[in-house]
Amino acid sequence: MSLRVPLTLACWDYDRTLPLAQGDVRPAGVDLTYLNLPVEETFFRMLRFREFEAAELSLSSYVLSLDGDGDAPFVAIPVFPSRAFRHNGIYIHTGRGITEPADLAGRQVGVPEYQLTAAVWIRGILAERHGLPVASVRYRTGGLHQPGRADKITHGMPPGVDIAPIPAGQTLAGMLADGSIDALYSPRTPVPFAAGDPRVARLFADPRAVEEAYYADTRIFPIMHVVVLRRDVYQRWPWLARSLYQAFEEARALTVARMAETAATRYLLPWLYADLERTQQVMGTDFWSYGLTTENEHTLRTFLRYSHEQGLASRLFEPAELFAPETLADHRV
């Protein structure tokens with residue numbers, strides 16, 4: 001009989017989590033089953049059916065899950081498997097005369113879900129740094145490449161914001177290409193853009209330059225996902241929170257060491273060494289940290305403010321409220 005707690009973790013196969021998936025890193029006291037699933041499937045199954053003991057989860061959806069009456073269904077640990085700058089995720093129809101964020105006012109803009117973490121970041125950044133009020137845009141929701149996408153988690157309708165679903169049978173990518181919508185906020189690259197369709201372009205022609213300037217000004221590397229435990233699992237074995245947190249930290253450290261290795265190219269990027277050096281010049285050596293560090297707290301506080309200002313979170317949460325307290329303190333000898 002195993003003395004380890006059996007635990008199923010649903011998470012995509014990121015390089016920073018691969019040591020967990022392959023068994024090179026084992027959480028203390030845990031018999032881990034790692035399910036490699038696309039993020040949309042993981043989020044849907046965890047939010048709708050609570051299928052897994054642990055899973056990566058959309059930061060926005062997790063914050064909304066804390067808003068209900070009674071015990072929230074999940075408890076997060078400060079592990080961020082997905083982080084991404086989002087200026088590159090704003091796409092436009094090239095025939096609409098849109099050249100800067102202000103041109104989006106009054107336009108129809110597609111978003112897979114209004115509460116999508118990437119969309120919260122984009123709206124907040126455009127409002128705060130580019131003078132585009134959230135309510136000045138008309139939002140149209142639906143599947144990016146497949147019709148019929150529905151919200152994974154319910155939320156109130158923000159006052160004064162025009163949100164409506166796209167017609168049945170339509171997709172956001174198709175509607176952007178044919179001009180039925182003017183722009184799109186999306187964490188995934190729309191197929192028409194990837195295929196070189198001249199009707200679709202990014203709003204920012206050089207998004208990396210804009211994103212590097214944004215980081216220099218704000219010190220924010222946007223957090224997209226957290227890792228959560230089902231509350232019933234956490235309440236039965238509170239020590240799991242710290243065990244998982246330490247395992248994710250160990251897996252991340254292994255990935256950092258492997259990425260810096262230049263004896264043989266591990267990834268399909270010929271100039272990975274140069275890109276890593278550039279990233280470290282802009283962001284420092286510990287640019288993908290876990291835990292409630294000063295910069296991560298600042299990043300989370302900004303997101304939580306955006307969520308509240310955009311009519312999603314009913315109150316302004318503090319970053320520490322999001323996480324199991326066992327993961328926010330450590331012993332000293």
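Biologist: Which residue in β3 stands opposite alanine 10?
Modeller: That's alanine 55. The strands there are β1 and β3, which run parallel and are joined by two bridges. Strands here are DSSP E runs of at least two residues and helices are H or I runs of at least four, numbered from the N terminus; two strands pair if DSSP finds at least two bridges between them.

Biologist: Before we go on, what sort of model is this?
Modeller: A predicted one: local features need pLDDT of at least 70, side-chain atom pairs count only at pLDDT 80 or more, and totals for chains, interfaces and linings use all residues. Residues are numbered from 1 along each chain as its sequence is written, and side-chain values use heavy atoms, with hydrogens and water left out.

Biologist: Thanks. What's the strand order in the sheet with β1 and β3?
Modeller: It goes β2-β1-β3-β11-β4, an open sheet of five strands with mixed pairing. β2 (30–35) and β4 are the edge strands, each pairing on one side only. From one strand to the next, the twist averages 35°. Angles run from 0 to 180 degrees between N-to-C directions, with axes fitted as lines to C-alpha atoms, for helices over the stretch in contact.

Biologist: And which strands does α9 lie across?
Modeller: Helix α9 (residues 239–259) lies across β1, β2, β3, β4 and β11, at about 55° to β1. Contact means heavy atoms within 4.5 Å.

Biologist: Which residues of α2 are buried?
Modeller: Val39, Thr42, Phe43, Met46 and Leu47, in a helix spanning residues 39–49. Buried means under 20% relative accessible area, with a 1.4 Å probe and protein chains only. They span an arc of only 110° around the axis, so they sit on the same side of α2; the arc is that of the directions from the helix axis to the C-beta atoms.

Biologist: What do they pack against?
Modeller: β1 (5–10), β3 (54–58), α3 (59–65), β4 (74–77) and β11 (225–230). Just after α2, arginine 50 has a positive phi of about 55°.

Biologist: Switching topic: what's the order in the six-stranded sheet?
Modeller: β8-β7-β6-β9-β5-β10, open and mixed. β8 (163–165) and β10 (200–202) are at the edges with a single partner strand each, so one side of each has no neighbour in the sheet.

Biologist: How do β6 and β9 pair?
Modeller: In the parallel sense, over two bridges. Valine 109 stands opposite alanine 183 in β9.

Conventions: Buried means under 20% relative accessible area, exposed over 50%, partly exposed in between (1.4 Å probe, protein chains only).
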